[in-house]
Amino acid sequence: MNFFVTVSGRRIKQGILIVIISFFTALFYFSQSIVQFPVLSAKDEPKAIYKGEKGVALTFNIGWGDVQAEPILKVLEEKKIRSATFFLSGAWAERHPEVVEKIKEMGFEIGSLGYAYEDYTELEDEQVRRDIDRSLEVFKKLDIQEVELLRSPTGHFDKRTLKIADDMGLTVIHWSLNSQDWKNPGVKAIVKNVSKVKKGDIILMHASDAATQTAKALPEVLAIIKNKDEMVTVSYMISNGKVKTTLIP
């Protein structure tokens with residue numbers, strides 16, 4: 001009996017230790033996910049939008065590379081899609097004016113992804129302002145005059161970013177559904193991630209060269225969106241219904 005009690009006590013201690021480790025592990029991953037969660041300022045301060053009320057907005061980030069954008073545009077053209085929103089890095093747009101021209105000719109909405117793809121939360125105010133302004137100058141040279149949307153290059157932003165963007169006449173756009181396509185998890189995994197889409201979602205995808213499986217997954221992604229709700233641009237979503245935001249602590 002004594003032996004049994006000793007073993008049981010040891011097992012109980014081990015069980016408690018496992019529970020404690022599991023708790024702190026879960027807490028760590030939860031805190032990591034918060035870093036990526038869309039945030040915005042308090043009431044009456046500049047806001048970041050991550051979800052709408054009507055339609056589904058498909059968005060693509062392009063920060064570098066000259067291979068993946070063309071196949072993605074080809075799929076969109078074949079499927080007669082014209083309502084996606086592209087967030088372009090100014091540095092990329094400067095190096096690929098012919099692709100930018102095609103995006104524009106196809107009627108897609110264009111937003112800024114900054115210029116040099118830097119984390120705005122790690123820059124001084126003037127550096128953030130300069131980076132955004134430099135991207136807008138590139139767009140003007142490429143005859144893209146009315147850029148009103150900004151996506152923070154790395155997805156990280158704070159109250160300062162929101163204030164600077166607002167002062168420059170821009171609205172910060174985040175996302176509510178991440179396809180994870182940049183991780184290249186496989187076409188089936190990308191499609192599965194997007195299959196969670198709901199009305200009002202802003203979907204994040206990429207047309208940079210790091211996302212090598214996006215074009216192959218795109219036909220199924222488009223079919224999923226079509227069965228869920230009308231595909232709309234981010235601007236249309238903003239102007240035709242309520243949008244959702246969360247507060248910066």
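What is the volume of the second largest pocket? In this predicted model, the second largest pocket comes to about 160 Å³.

By type, the lining holds 5 nonpolar, 1 polar and 4 charged residues. Helix H8, residues 214-228, gives the most to this lining, with 4 residues.

The largest nonpolar core has 57 residues, and Phe60, Phe86, Ile103 and Leu218 have the most contacts inside it. Helix H8 turns up here too, giving the largest share of this core, 7 residues. Apart from this core lies another one of 12 residues, including Ile49, Phe87, Trp175 and Val234. As a general point, nonpolar side chains in soluble globular proteins tend to be buried together.

Take Ile103 as an example. Leaving out residues up to four places away in sequence, Ile103 touches Ile62, Leu73, Phe86, Leu88, Trp92, Phe108 and Ile110.

Last, the charged pairs. The count is 8 salt bridges. In one of them, Glu101 pairs with Lys104, with the closest N and O atoms 3.2 Å apart. Both sit in helix H4, about one turn of the helix from each other. Glu101 is partly exposed, at 32% relative accessibility, and so is Lys104, at 26%.

Arg160 and Asp125 form another salt bridge, at 2.4 Å from N to O. Arg160 belongs to helix H6 and Asp125 to helix H5, so this pair ties together parts that are 35 residues apart in sequence. Arg160 also forms a salt bridge with Asp158, at 3.5 Å.

Notes:
Residues numbered from 1 in each chain as written. Predicted model: local features only at pLDDT ≥ 70, side-chain atom pairs only at ≥ 80, totals over all residues. Heavy atoms only, no water. 1 Å grid on protein atoms, 1.4 Å probe; cavity = no way out; pocket = protein on both sides within 12 Å on 5 of 7 lines; lining within 4 Å. Points joined across faces, edges and corners; volume = space filled by probe spheres on them. Helix = DSSP H or I, 4+ residues; strand = E, 2+ residues; numbered from the N terminus. Nonpolar A, V, L, I, M, F, W, Y, C, P; charged D, E, K, R; others polar. Core = buried A, V, L, I, M, F, W, Y, C linked by side-chain atoms within 4.5 Å. Buried < 20%, exposed > 50% of the residue type's maximum accessible area, 1.4 Å probe, protein only. Contact = heavy atoms within 4.5 Å. Salt bridge = Lys/Arg side-chain N within 4 Å of Asp/Glu carboxyl O.
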